[in-house]
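Hello,

Here is the structure you asked about. My notes follow below it.

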Amino acid sequence: PRSIPSSLSSTAKAVTLTPASSNKHVLAFIKIVFTLIILLLLPQMVESKNKRNKQRRKLNRFYNELRLSCAEQKEEQCRSIKNLAENEMCITKCMNLGCHESIFSDERGGELEPGEVDEVREAEFEDCVKKFIKKEGLMKKSR
(Lines give C-alpha, C1' and ligand atoms only; values in the text may rest on other atoms or scores of the structure.)
Protein backbone atom coordinates (compact mmCIF):
# COMPACT_ATOMS: atom_id res chain seq x y z
CA PRO A 1 0.00 0.00 0.00
CA ARG A 2 1.16 3.45 -0.81
CA SER A 3 1.35 6.02 1.87
CA ILE A 4 -0.48 9.29 1.47
CA PRO A 5 1.64 12.40 1.77
CA SER A 6 0.93 14.26 5.00
CA SER A 7 -0.44 17.30 3.12
CA LEU A 8 -3.06 15.11 1.44
CA SER A 9 -3.71 13.02 4.52
CA SER A 10 -5.80 15.70 6.25
CA THR A 11 -7.75 16.32 3.03
CA ALA A 12 -8.46 12.59 2.68
CA LYS A 13 -9.74 12.48 6.25
CA ALA A 14 -12.00 15.47 5.60
CA VAL A 15 -13.38 13.81 2.49
CA THR A 16 -14.15 10.56 4.30
CA LEU A 17 -15.86 12.43 7.16
CA THR A 18 -18.16 14.36 4.86
CA PRO A 19 -20.51 11.47 3.98
CA ALA A 20 -20.87 10.47 7.64
CA SER A 21 -21.65 14.03 8.70
CA SER A 22 -24.13 14.46 5.84
CA ASN A 23 -25.84 11.23 6.97
CA LYS A 24 -26.19 12.75 10.41
CA HIS A 25 -27.79 15.83 8.87
CA VAL A 26 -30.19 13.71 6.83
CA LEU A 27 -31.18 11.68 9.91
CA ALA A 28 -31.67 14.85 11.92
CA PHE A 29 -33.81 16.28 9.12
CA ILE A 30 -35.91 13.10 8.96
CA LYS A 31 -36.42 13.17 12.72
CA ILE A 32 -37.53 16.79 12.56
CA VAL A 33 -39.96 16.05 9.71
CA PHE A 34 -41.50 13.08 11.59
CA THR A 35 -41.81 15.17 14.75
CA LEU A 36 -43.58 17.93 12.82
CA ILE A 37 -45.93 15.42 11.19
CA ILE A 38 -46.81 13.96 14.58
CA LEU A 39 -47.34 17.39 16.08
CA LEU A 40 -49.59 18.38 13.19
CA LEU A 41 -51.71 15.19 13.31
CA LEU A 42 -51.99 14.84 17.07
CA PRO A 43 -54.59 17.61 17.56
CA GLN A 44 -56.78 16.08 14.85
CA MET A 45 -56.65 12.67 16.52
CA VAL A 46 -57.55 14.15 19.91
CA GLU A 47 -60.31 16.27 18.38
CA SER A 48 -61.89 13.29 16.60
CA LYS A 49 -61.85 11.30 19.86
CA ASN A 50 -63.50 14.19 21.69
CA LYS A 51 -66.07 14.47 18.91
CA ARG A 52 -66.92 10.75 19.19
CA ASN A 53 -67.22 11.06 22.98
CA LYS A 54 -69.47 14.10 22.60
CA GLN A 55 -71.70 12.24 20.12
CA ARG A 56 -71.83 9.21 22.44
CA ARG A 57 -72.82 11.40 25.41
CA LYS A 58 -75.47 13.10 23.30
CA LEU A 59 -76.87 9.73 22.18
CA ASN A 60 -76.91 8.44 25.77
CA ARG A 61 -78.68 11.60 26.93
CA PHE A 62 -81.29 11.26 24.17
CA TYR A 63 -81.82 7.57 25.00
CA ASN A 64 -82.26 8.35 28.71
CA GLU A 65 -84.69 11.19 27.96
CA LEU A 66 -86.74 8.88 25.74
CA ARG A 67 -86.74 6.23 28.49
CA LEU A 68 -87.84 8.75 31.12
CA SER A 69 -90.53 10.11 28.83
CA CYS A 70 -91.93 6.62 28.32
CA ALA A 71 -91.72 5.84 32.04
CA GLU A 72 -93.75 8.98 32.79
CA GLN A 73 -96.36 8.33 30.14
CA LYS A 74 -99.94 8.09 31.33
CA GLU A 75 -100.95 5.02 29.29
CA GLU A 76 -103.29 2.68 31.15
CA GLN A 77 -100.99 -0.34 30.91
CA CYS A 78 -97.97 1.54 32.30
CA ARG A 79 -99.82 3.56 34.90
CA SER A 80 -100.99 0.50 36.80
CA ILE A 81 -97.42 -0.47 37.71
CA LYS A 82 -95.82 1.87 40.23
CA ASN A 83 -92.30 0.41 40.44
CA LEU A 84 -90.10 1.36 37.44
CA ALA A 85 -88.15 -1.91 37.73
CA GLU A 86 -91.39 -3.84 37.28
CA ASN A 87 -92.49 -1.51 34.48
CA GLU A 88 -89.64 -2.49 32.16
CA MET A 89 -91.63 -4.19 29.38
CA CYS A 90 -94.10 -1.32 29.16
CA ILE A 91 -91.24 1.17 28.89
CA THR A 92 -89.40 -0.81 26.21
CA LYS A 93 -92.57 -1.13 24.09
CA CYS A 94 -93.04 2.62 24.31
CA MET A 95 -89.42 3.37 23.41
CA ASN A 96 -89.29 1.21 20.27
CA LEU A 97 -91.80 -1.52 19.51
CA GLY A 98 -89.64 -3.08 16.76
CA CYS A 99 -86.62 -3.44 19.05
CA HIS A 100 -88.85 -4.69 21.86
CA GLU A 101 -90.38 -7.38 19.64
CA SER A 102 -87.01 -8.57 18.30
CA ILE A 103 -85.22 -8.67 21.67
CA PHE A 104 -88.05 -9.93 23.87
CA SER A 105 -89.66 -12.34 21.37
CA ASP A 106 -90.88 -15.78 22.43
CA GLU A 107 -87.95 -17.38 20.59
CA ARG A 108 -85.57 -15.45 22.85
CA GLY A 109 -87.31 -16.26 26.12
CA GLY A 110 -90.27 -13.91 25.89
CA GLU A 111 -90.89 -10.78 27.89
CA LEU A 112 -89.33 -10.35 31.29
CA GLU A 113 -91.52 -10.98 34.29
CA PRO A 114 -92.11 -8.01 36.60
CA GLY A 115 -88.92 -7.50 38.59
CA GLU A 116 -86.89 -9.95 36.43
CA VAL A 117 -83.49 -8.70 35.23
CA ASP A 118 -81.75 -9.87 32.05
CA GLU A 119 -78.74 -7.61 31.58
CA VAL A 120 -77.75 -9.17 28.24
CA ARG A 121 -81.10 -8.57 26.57
CA GLU A 122 -81.45 -5.15 28.18
CA ALA A 123 -78.05 -4.17 26.71
CA GLU A 124 -79.11 -5.57 23.31
CA PHE A 125 -82.32 -3.54 23.50
CA GLU A 126 -80.39 -0.37 24.34
CA ASP A 127 -78.03 -0.97 21.38
CA CYS A 128 -81.00 -1.59 19.07
CA VAL A 129 -82.75 1.62 20.13
CA LYS A 130 -79.55 3.67 19.82
CA LYS A 131 -78.96 2.30 16.30
CA PHE A 132 -82.53 3.25 15.43
CA ILE A 133 -82.04 6.76 16.84
CA LYS A 134 -78.86 7.22 14.75
CA LYS A 135 -80.39 5.72 11.61
CA GLU A 136 -83.49 7.88 11.77
CA GLY A 137 -81.55 10.99 12.77
CA LEU A 138 -83.88 11.56 15.71
CA MET A 139 -81.33 13.57 17.70
CA LYS A 140 -81.11 16.13 14.88
CA LYS A 141 -84.91 16.36 14.54
CA SER A 142 -85.42 17.01 18.25
CA ARG A 143 -83.40 20.27 18.29
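Cysteine 94 comes out as partly exposed, with a relative accessible area of 23%. Please keep in mind that this is a predicted model.

Cysteine 94 forms a disulfide with cysteine 70, and the two sulfur atoms are 2.1 Å apart. This pair links distant parts of the chain, since cysteine 70 sits in helix H1 and cysteine 94 in helix H3 (residues 88–95), 24 residues apart. The link is left-handed, with -75° about the S-S bond. Cysteine 70 is buried, at 3% relative accessible area.

The structure has two disulfides. Cysteine 99 and cysteine 128 form one, with their sulfur atoms 2.0 Å apart. This pair also links distant parts of the chain: cysteine 99 is in helix H4 (residues 97–103) and cysteine 128 in helix H5, 29 residues apart. The torsion about the S-S bond is about -80°, so this disulfide is left-handed. Cysteine 99 is buried at 3% relative accessible area, while cysteine 128 is partly exposed at 23%.

On helix H5 itself: the helix covers residues 119–136, 18 residues, and spans 26 Å from its first C-alpha to its last, close to the 26 Å expected. Its buried residues include Arg121, Phe125, Val129, Lys130 and Ile133. Glycine 137 follows H5 and has a positive phi, near 65°.

Asparagine 64 is partly exposed, with a relative accessible area of 44%. Its C-alpha is 9.9 Å from that of glutamate 126, 62 residues away along the chain.

Regards

Notes. Residues are numbered from 1 along each chain as its sequence is written. This is a predicted model: local features need pLDDT of at least 70, side-chain atom pairs count only at pLDDT 80 or more; totals for chains, interfaces and linings use all residues. Side-chain values use heavy atoms; hydrogens and water are left out. Helices (H or I, at least four residues) and strands (E, at least two) are DSSP runs, numbered from the N terminus. The expected span of a helix is 1.5 Å times one less than its number of residues. Buried means under 20% relative accessible area, exposed over 50%, partly exposed in between (1.4 Å probe, protein chains only). A disulfide is a pair of cysteine sulfur atoms within 2.5 Å.
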